[in-house]
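Hello,

Here is the structure we talked about. Please open it next to this email and follow along.

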Amino acid sequence: MPQDPSNQNSLDHDLRRLVYYSRNRIAGEPGAMHETIRGILAASRTNNARVGVTGALMFNAGCFAQVLEGPGEAVETTFERIQQDERHGEVSLLAFEAVAARLFTDWSMAYVGASQADAARYGDMANESGFDLSKMTGDRLCAVLHGLALEEEAAAA
């Protein structure tokens with residue numbers, strides 16, 4: 001039976017956060033690309049919610065970064081599944097650490113990058129955080145994601 005992520009912090013005695021990126025190729029018309037990316041997010045939500053893993057999916061042209069948060073064993077199993085998925089190329093682990101609380105109680109998604117043309121192309125999925133995922137460290141990526149979480153909390157208030 002899946003656990004409710006909203007009260008997961010009190011249930012996890014072994015809470016971990018894993019950050020990775022992988023190279024992916026998504027090509028096509030903007031509408032089709034939006035649909036593909038939304039499909040990836042939906043699959044993450046569905047598959048990972050079953051084991052109590054939440055997180056964030058960040059993407060730019062050809063590169064995805066993802067944060068997985070949840071019980072240590074579930075996070076490790078999820079990451080192993082990702083590494084075996086042929087849609088993910090050059091999977092690189094950026095960070096894996098014990099944490100006191102989740103940054104993301106559900107799934108979040110955002111386009112990241114400095115290209116104005118790409119930002120316009122992705123419309124409602126775009127933001128202006130402007131960094132290159134291929135050059136990110138785990139700490140920097142976590143800091144950016146934390147900033148996005150704070151922005152989301154402020155917007156919801």
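Helix 3 covers residues 72-84, 13 residues in the predicted model. From its first C-alpha to its last it reaches 19 Å, close to the 18 Å expected at 1.5 Å a residue.

Which residues of helix 3 are buried? They are G72, A74, V75, T78, F79 and I82. Seen down the axis of helix 3, these buried residues fall within an arc of 165 degrees, so they line one face of the helix. An α-helix has 3.6 residues a turn, so residues three or four places apart point the same way. On the other side of helix 3, E73 and Q84 are exposed.

**The aromatic pair**

The structure holds one aromatic pair. Its partners are Y20 and F79. The rings sit 5.4 Å apart, centre to centre, with 55 degrees between the planes. That makes the pair tilted. Y20 belongs to strand 1 and F79 to helix 3, so the pair ties together parts that are 59 residues apart in sequence. Are the two partners buried or exposed? Y20 is buried, and F79 is buried too.

F64 is worth a look here. This residue lies in strand 3. F64 counts as buried, at 6% relative accessibility. In sequence, F64 and Y20 are 44 residues apart; in space, their C-alpha atoms are 8.3 Å apart.

**Two nonpolar cores**

How many residues does the largest nonpolar core have? The count is 17. V19, M58, A65, L141, L145 and L148 have the most contacts inside this core. Four elements each supply at least two of its residues: strand 1 (15-23), strand 2 (54-60), strand 3 (63-71) and helix 5 (138-156). The largest share, five residues, comes from helix 5.

As background, nonpolar side chains tend to be buried together in soluble globular proteins.

**Strand 5**

Strand 5 runs over residues 107-111 and includes S108. W107 is in strand 5 as well.

Take W107 to begin with. At 5% relative accessibility, W107 counts as buried. What does W107 touch, leaving out residues up to four places away in sequence? The list is L41, S44, R45, N48, V53, T54, G55, A56, L57, Q66, V67 and L68. W107 and T46 are 61 residues apart in sequence, yet 9.9 Å apart in space, C-alpha to C-alpha.

Now S108. Its relative accessible area is 12%, and S108 is buried because the cut-off for buried is under 20%. S108 and L145 are 37 residues apart in sequence. Their C-alpha atoms are 9.6 Å apart in space. L145 is among the residues with the most contacts inside the largest nonpolar core.

**The whole protein**

The protein has five helices and five strands. Along the sequence they follow the pattern α-β-α-β-β-α-β-β-α-α. Of its 157 residues, 41% are buried. Take the contacts between residues at least 6 apart in sequence: 74% of them join residues at least 24 apart. The accessible surface comes to about 8600 Å². Carbon and sulfur atoms account for 49% of that surface.

Best wishes

Methods. Residues numbered from 1 in each chain as written. Predicted model: local features only at pLDDT ≥ 70, side-chain atom pairs only at ≥ 80, totals over all residues. Heavy atoms only, no water. Core = buried A, V, L, I, M, F, W, Y, C linked by side-chain atoms within 4.5 Å. Buried < 20%, exposed > 50% of the residue type's maximum accessible area, 1.4 Å probe, protein only. Expected span 1.5 Å × (residues − 1). Arc of directions from axis to C-beta. Phe/Tyr/Trp six-rings, centres within 6.5 Å; stacked < 30°, edge-to-face > 60°. Contact = heavy atoms within 4.5 Å. Areas by Shrake-Rupley, 256 points an atom, 1.4 Å probe, with all protein chains shown as cover.
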